[in-house]
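The following note concerns the contacts that one chain makes with two others. It is arranged as numbered points.

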Amino acid sequence: MNQQNRNWTTDPVLSVEHLTMRFGGLLAVDDLSFDVGRGDITALIGPNGAGKTTVFNCVTGFYKPTEGRIALRREGSVSDAALAELTRGGQQYRRADDGSVFLLERMADFKITEIAGVARTFQNIRLFGGMTALENLLVAQHNELMRASGYTIGGLLGLPGYRRAAEAAKEKAVEWLRRVDLLDRADDPAADLPYGAQRRLEIARALCTNPVLLCLDEPAAGLNPRESAELNTLLKYIRDEHGVSVLLIEHDMGVVMEISDHVIVLDYGKKISDGTASEVRNDAKVIAAYLGVDDEEVDEVERDLDVKTAHTPAPGGAL
Amino acid sequence: MANTTTSASADRPEGAERLSEDRREAMRGEPPFVEAPSEDTRLVRALKEAGVTAGLVAVLTLFFFLFRTDIAVGGLDLSLDPKSWIIAIAIAFAGRFLLTYFVFGGERPTVGGWKKVAAKTARWPIGKVIGVVLLLVALTLPFLLMTLLPSQDRYLLDLSILILTYVMLGWGLNIVVGLAGLLDLGYVAFYAVGAYSFALLATNFDLGFWICLPMAGLFAALWGVMLGFPVLRLRGDYLAIVTLAFGEIIRVVLLNWYDFTGGPNGILGIPKPTLFGLEFSRGEGSFSDFFGLEYSSIQRFVFLYYIILALALLTNFVTMRMRKLPVGRAWEALREDEIACRSLGINTVNVKLTAFATGAMFGGFAGSFFATRQGFISPESFTFIESAIILAIVVLGGLGSQLGVVIASVVMIGGIELLRNLTGLQAIFGAGFDPTQYRMLIFGLAMVLIMVWKPRGLVSTRTPSAIYKEKKTIGADLVAQGEGH
Amino acid sequence: MEYFLQQLINGVTLGSIYGLIAIGYTMVYGIIGMINFAHGEIFMIGSFIALAVFLALAAIGITFLPLVLLLMVVVAMLCTAAWGWTIERVAYRPLRGSFRLAPLITAIGMSIFLQNFVQVTQGARVKPLPPQIQGGITLMDSPSGIVVQISWIQIIIILMTVVLMAGFSLLISKTSLGRQQRACEQDRKMASLLGVNVDRTISLTFVMGAGLAAVAGMMFLLYYGVIDFYIGFIAGVKAFTAAVLGGIGSLPGAMLGGLAIGLIETFWSGYFSVEYKDVAAFSILAVVLIFMPSGLLGRPEVEKV
């Protein structure tokens, strides 16, 4: 990876600043700051319970963060001064010709997808199981179709404008189905699809909302090596051909190291490393906190067995 | 989400879940290598089971068959009726014995034996054929009745009108419960709002049925939004109890606001509908006069029949159409997974409100039709039992299925009416036997039995709203049931 | 002030009855997540059985009041519990693991059936029972003429409720049965893998709920002195409202909700209008749920994403 090409410092699409999330007495995310570069595939990694999904839920509006700012620069570059002004002014977003910026922590979850352009998938796949693959992708184009159908009235009357829009939506859905290799299952209910296909369908569905930032929560979990490789190809295609920035949580180091332009490592809700894949791979802190130790259980077993490992106490470690 | 619900949603994908459950069910019985029970043990077992059942029935009915409390001079009196108690026990014993001995083959019936999962079959063409046939029958029914059963035509036509009213209410509620997956136990509130709006507008401002009908629908929709807005954030059963509460509140208000609603006396003298100003009465300017026909009171029934048929078909048409529009698809998506909906930028509050308002509007239409048909309304017509019957029609018919609602309405509403006429049974049970007394008793029992027999309703497949190549129906086991699962 | 005190006493008494019924709703909901709509009818059946037992005892000449009351409680609890068990076995167990709405519909069907069953077998007319326990303690006798009195029957109802609640809480928190119940509530599949007999546990939950409802039914009979086949519906709806208000699934919540509904109703009737007491109770339920979506003592719902 080219050391000079650090998109996330020069052109961030998402800036998370001093994000803190507290659940009662539990500090899940602790003063976390990071940037996601435009057009990058960024991986968020860390041991179980490091707070990755919580970060995701804050970015996509499912949780309201206790503290911090999450700014999404949809297009163009907005200066830090303008952003500060927006923050002070109490607004949710600013849309202008020279750049739009959205303060996600202030917005409702559906608004974040609808107007800021952030789409996501879920760790436990959340498809509309009783609806077909095609229908799933049509639901994702709801807002567009809603406008085209004149908020239902035009659609009820069967106006041509809506019919055209419905055709276009179906074409788009078919295109994505072809891309994720599910076209022959288009009329099958989503719950009938095999696991890997469901994962792909969920990604296709998220993409049908026309996002600028796609958040994937463990997209490779449960996939076999071949499916994993296909996923990598798909993600690269999304980045390169559609210009969508990708933020993903992943445990599969093969996937992370192969496709990520930028890797952020969390442990106990704090960032312990941030850089390119190769930088992170060689970071002693990461090796100690993450790569050597897969999860707390192993950690405990090792401690019980008194195995001498290169453990340094994780920063902010609460155990 | 509460713990019970998270575990349910964590079990997705549901197909696999269903499969594993079926496997578990299959393994529940005796292992296959056990020999079939010999004749002897089978008899003993059956006798034992029957004895237990009879004992249970004896305890259950002890204070209902054996002891009867009667009001007597100076308080209550207790009378004994051992005959019917013993008969009940004997019936229970014999019934259980026969069932166990012959049907279950001496085995204890397992839960799995009752449960049948609807197979995923492409039943769609049959459904369509039935639909077309039903539509043709519905369109020509008044004439069929008049020619085939002239002696009973008025009664049967009136019954058809009643059934169609429930079909319409069922279709309206189907939008809320079947498509959007929101459990509404107070649907009768909108029926009442529609009826009272029409009645009050008509009696106070002298407006006709056709002007009041859309207004009543709009009022009901407005109430739907007003009631829905604060409560739609609630989930599942909380929503159910609050809608039930709203239904009761509206009824209590109607009952007690004498000046406005006439209290328990209700509203009298609600005008009948007219056909472009032609009344269905005797004399000058009436329908029969205008067309040079001989006056007959059945003309009004036929007219009312076609009004409710048209209203019901309108409901069906709009619903079917909306299913293929983004809003309808969003309803179904909401039923499947609300969180996923929000992640796709769908404003779920708006989606729920449209479902609530649309359903309420059709309820309002049905309500004003009810008012004009009866000519009189009172709060008594809008009790919780009505909501329960409408919900039962929707669930028994099969959630989200338009055809199912029709079948369930005919079976349940027509069935109750039939029971009213079973006077022939008096020959068996003696002259004191009054079949109307047992009407609701059998109705309740039928609800239980049909549900146990077909938990997913009579028509339990879902038709996709959009197709790429080939239309495949979706088995009910894959379709979610909305909020709280 | 005296009037207020008297209403308070009446409200607590009514609330105790609601609370006892509400426990049945809340336990069933907690363990299998369904609204047992027939529970109000169970309460009604309990009161009818209590009445029949009372009359039967009178007929054979047993009139010693403590013994009569004891026999009434025991027989009513046992027989009503049998009803509770049967309903679960016939209408709910075959639908276990099926769609959520299916048992709701069978419950409504059962409720219709039971109401009409009692109507057919015992007649539709109201059954009056002359007050059996008279007198009470005068707490305050103000010169304005308003007497604050707590009657013996009120004392019995409140004491009985407290005792049953305490016993019940112990049962749930200390015994193995209670532990099994709580396990089933958390995760039925896991509980059955760990050897808990889930079906039996659920049956027992219904049996216990029905037993408490029978006590409530008997109290209702003694307190109001009139019953009919229709009392189950309204009491059931109120008690379910109480359970939801307190936070469904929580035992103390059910009791608290019952008291709240009882007090709201009594005070509303006492100070405003009797006609709108139901409206008051339901409106407060709606308002509470809108601001506290999981009730007063319910566990807050954490949206799992």
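A salt bridge is counted here when a side-chain nitrogen of Lys or Arg lies within 4 Å of a carboxyl oxygen of Asp or Glu. The coordinates under discussion are those of a predicted model.

1. Salt bridges between chain B and chain A. By that rule, three salt bridges are found across the interface of chain B and chain A. One of the pairs that meet in a salt bridge is formed by the side chains of B:Asp337 and A:Arg126, with an N to O distance of 2.9 Å.

2. Polar contacts and elements at the same interface. Between chain B and chain A, 13 residue pairs are in polar contact, both residues being at pLDDT 80 or more. On the side of chain B that touches chain A, the elements giving two or more residues are helix H2 (14-28), helix H13 (298-323), helix H14 (326-336) and helix H15 (338-343) of chain B. H14(B) provides the largest share of that side, seven residues. By class, the residues of the side of chain B that touches chain A comprise 22 nonpolar, five polar and 14 charged.

3. Extent of the interface with chain A. Contacts link 41 residues of chain B with 43 residues of chain A. The area buried between these two chains is about 3700 Å², and carbon and sulfur atoms give 63% of it. Of the area that chain B buries against chain A, 19% is supplied by B:Pro326, B:Leu344 and B:Tyr468, more than by any other three residues.

4. Extent of the interface with chain C. Here 82 residues of chain B are in contact with 78 residues of chain C. Chain B and chain C together bury about 7100 Å², with 71% of this area on carbon and sulfur atoms. B:Phe63, B:Phe64 and B:Tyr238 account for 11% of what chain B buries against chain C, more than any other three residues.

5. Polar features and composition at chain C. How many salt bridges does the rule find across the interface of chain B and chain C? The number is zero. Residue pairs in polar contact between chain B and chain C, both at pLDDT 80 or more, number four. Helix H10 (residues 236-256) of chain B gives the most to the side of chain B that touches chain C, contributing 14 residues. That side of chain B has 52 nonpolar, 13 polar and 17 charged residues.

How values were computed. Residues numbered from 1 in each chain as written. Chains lettered and ligands numbered in written order. Predicted model: local features only at pLDDT ≥ 70, side-chain atom pairs only at ≥ 80, totals over all residues. Heavy atoms only, no water. Contact = heavy atoms within 4.5 Å. Buried area = accessible area lost by both parts, 1.4 Å probe. Polar contact = N/O pair within 3.5 Å; in protein donor to acceptor, adjacent residues only side chain to side chain. Helix = DSSP H or I, 4+ residues; strand = E, 2+ residues; numbered from the N terminus. Nonpolar A, V, L, I, M, F, W, Y, C, P; charged D, E, K, R; others polar.
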